[in-house]
Amino acid sequence: MTAATIADDRGARALACHDCGQIHRVVELRPGSGARCTRCGALLYTRHRLGIDGVIALYLTAAILFLIAMSTKFITLNIEGLGETSALWSGVTALWRAGMPELAVVVLFFVVLAPAVRIACALWVILPLRQGYRPWLAVPLMSALDRLRPWAMLEVYLLAALVSYVKLRDLAQVEMGPGLWALGAAIFTVAAAEAALDDHEIWDRLQPQATLATARGRSGDVTLDCHTCGQLVAVPSGAAHPHCPRCHGALHRRKPDSLPRAWALLLAAVIFYLPANMYPVMTFVYLGGGEPQTILQGVSFLLHEGMWPLAALIFFASVLIPVLKIVVLTLLLLGVQRGWVGGERQRTQLYRLVEGVGRWSMVDVFVIAILVALVQVGSLATITPGVGAIAFCLVVILTMLAASAFDPRLIWDVRDAP
Ligand SMILES: [Zn+2]
Ligand SMILES: [Zn+2]
């Protein structure tokens, strides 16, 4: 990694750090390297060895793998000759049939729609760019690509499938189908494609990134950083409703109403945290016996069965991460509100951590979706979802929204204030 530097080279392209707002000169990187913010350490931009053709090949492969994952067997379960096969989407239909349409829609969106739309948007934009012309609808599709990023959770679903596999192995004969392998391969291919071409590069091809001189503008101008495309725009101070010339999005110095929105979402998450832990997330009936289980009862059940790595994983993802997220976000919000000075870099790193790990809490919800779809073997064994799962799902979504409502640049504003 080479550090990007703040420069006086006014003709060079400029980029603001997403996390602390520091403006950097974009330097030409060696292939295979990236540039980090000198102030907060955030990754600013990267340059990879693969060219655009390689990226297109990766996305096309990902699309094919995703279609295979969608249309073939995922996990097959066999109890005493009675079998059930699950495909990627059968968790969705099973939740719907079990009277949980809310969860069905969430799983459909996170596991099928968001990843599929992201792959389709990327191909739609990159293919014409390679031929040298501007794709139709490039701006709304690139914005969608950016907005959907945190909500496409294929890798979390893959982890959930592996957890379900281990959980069910004791109960029945379980086989991994080609769909599961295809999903694993699709996840790696998408990750490689995304790492090989960062969004800045695509936006830059649609309309070049501003130079330091244009970004600074005339005296009296303020430099605003577009939240959607990262363009730097100089606007006269006091200008009403400025817009980004590249993506037409509204420009703000900081995310509007960041603190009240983050507080409201966080408070809602805390409220739902109680029913999420008090009510059962699922009921597992085997040979006529079985009781509804809350998240913690599920963890202690796994411990009792000797599956302690699994118990640790579920405890970490479903109990620890949500609590940590709530505590860290509360501290970050208090810090900004009270005007704390010091530890800005560490607080920004904490924010990045919270923003990054939040999605993994969905693993338990996906496990429930997979188990509900698989374990419907007549009177022998059934798993039904419980109302606690909906509350828990809301906690995860609300904390993710709270994290995205919070503007980490506010942490630095106190220090930067004159
Ligand atoms: Zn930074
Ligand atoms: Zn923009």
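This is a predicted model: local features need pLDDT of at least 70, side-chain atom pairs count only at pLDDT 80 or more; totals for chains, interfaces and linings use all residues.
Two strands count as paired here if DSSP finds at least two bridges between them. Strand 11, residues 282-286, and strand 12, residues 292-293, have 2 bridges and run antiparallel.

Within its pairing to strand 12, Thr 283 stands opposite Pro 292. The hairpin of these two strands has 5 residues between them, and Leu 287 takes a positive phi near 50 degrees. Strand 11 also pairs with strand 14, residues 381-385, through 5 bridges, again antiparallel. In that pairing, Met 282 has Pro 385 of strand 14 as its bridge partner.

Now the protein as a whole. There are 15 helices and 14 strands. For 418 residues, a compact globule would have a radius of gyration near 22 Å, and the protein, at 24 Å, agrees with that. Along the principal axes, the C-alpha atoms fill a box of roughly 75 × 50 × 35 Å. Of the 418 residues, 51% count as buried. Taking contacts with a separation of 6 or more, 69% are between residues 24 or more positions apart.

Which residues coordinate the zinc ion, ligand 1? They are Cys 17, Cys 20, Cys 37 and Cys 40, each through SG, at 2.3 Å. Along the sequence, these donor residues follow the spacing C-x2-C-x16-C-x2-C. The 4 donor atoms subtend angles of 102 to 116 degrees around ligand 1, so the arrangement is tetrahedral; the rule asks that all angles lie between 85 and 135 degrees. Cys 17 and Cys 20 are both buried.

Strand 4, residues 33-36, and strand 5, residues 43-47, run antiparallel and are joined by 4 bridges. Ala 35 stands opposite Tyr 45 of strand 5. Between the strands of this hairpin there are 6 residues, and Gly 41 takes a positive phi near 85 degrees.

On to ligand 2. The protein donors of this zinc ion are the SG atoms of Cys 226, Cys 229, Cys 244 and Cys 247, which lie 2.2 to 2.3 Å from the ion. Their spacing in sequence is C-x2-C-x14-C-x2-C. Why is the arrangement around ligand 2 called tetrahedral? Because the 4 donor atoms subtend angles of 98 to 118 degrees. Cys 226 has a relative accessible area of 3%, so Cys 226 is buried. Cys 229 is buried as well, with a relative accessible area of 3%.

Here too there is a hairpin to point out. Strand 9, residues 221-225, pairs with strand 10, residues 232-236, in the antiparallel sense over 5 bridges. Asp 221 stands opposite Pro 236 in strand 10. The hairpin has 6 residues between the strands, with Gly 230 at a positive phi near 80 degrees.

Now the aromatic residues. The structure holds 5 aromatic pairs. One of them is Phe 74 with Tyr 157, a tilted pair at 5.8 Å centre to centre, with 45 degrees between the planes. Phe 74 lies in the loop between helix 1 (52-71) and strand 6 (75-79), and Tyr 157 lies in helix 5, residues 154-169, so the pair ties together parts that are 83 residues apart in sequence. Phe 74 and Tyr 157 form one aromatic cluster with Phe 366.

In helix 4, residues 138-148, the buried residues are Ala 138, Val 139, Leu 141, Met 142, Ser 143, Leu 145 and Leu 148. What do the buried residues of helix 4 pack against? They pack against helix 3 (101-131) and helix 7 (199-206). As a general point, an α-helix has 3.6 residues a turn, so residues three or four places apart point the same way.

The other item is Phe 188, in helix 6, residues 178-196. Phe 188 has 65% relative accessibility, so Phe 188 counts as exposed; the cut-off for exposed is over 50%. Phe 188 and Leu 212 are 24 residues apart along the chain, and their C-alpha atoms are separated by 36 Å.

Terms used:
Residues are numbered from 1 along each chain as its sequence is written. Chains are lettered from A and ligands numbered from 1 in the order in which they are written. Side-chain values use heavy atoms; hydrogens and water are left out. Donors are N, O and S atoms within 2.8 Å of the metal (3.2 Å for Na, K and Ca); water is not among the atoms, so sites may look incomplete. Four donors count as tetrahedral if all angles lie between 85 and 135 degrees; four count as square planar and six as octahedral if opposite donors are over 155 degrees apart and all others between 65 and 115; anything else is irregular. Buried means under 20% relative accessible area, exposed over 50%, partly exposed in between (1.4 Å probe, protein chains only). Contact means heavy atoms within 4.5 Å. Rings of Phe, Tyr and Trp (its six-membered ring) pair if their centres lie within 6.5 Å; planes under 30 degrees apart count as stacked, over 60 as edge-to-face and the rest as tilted. The radius of gyration is taken over C-alpha atoms; the globule rule is 2.2 Å times the number of residues to the power 0.38.
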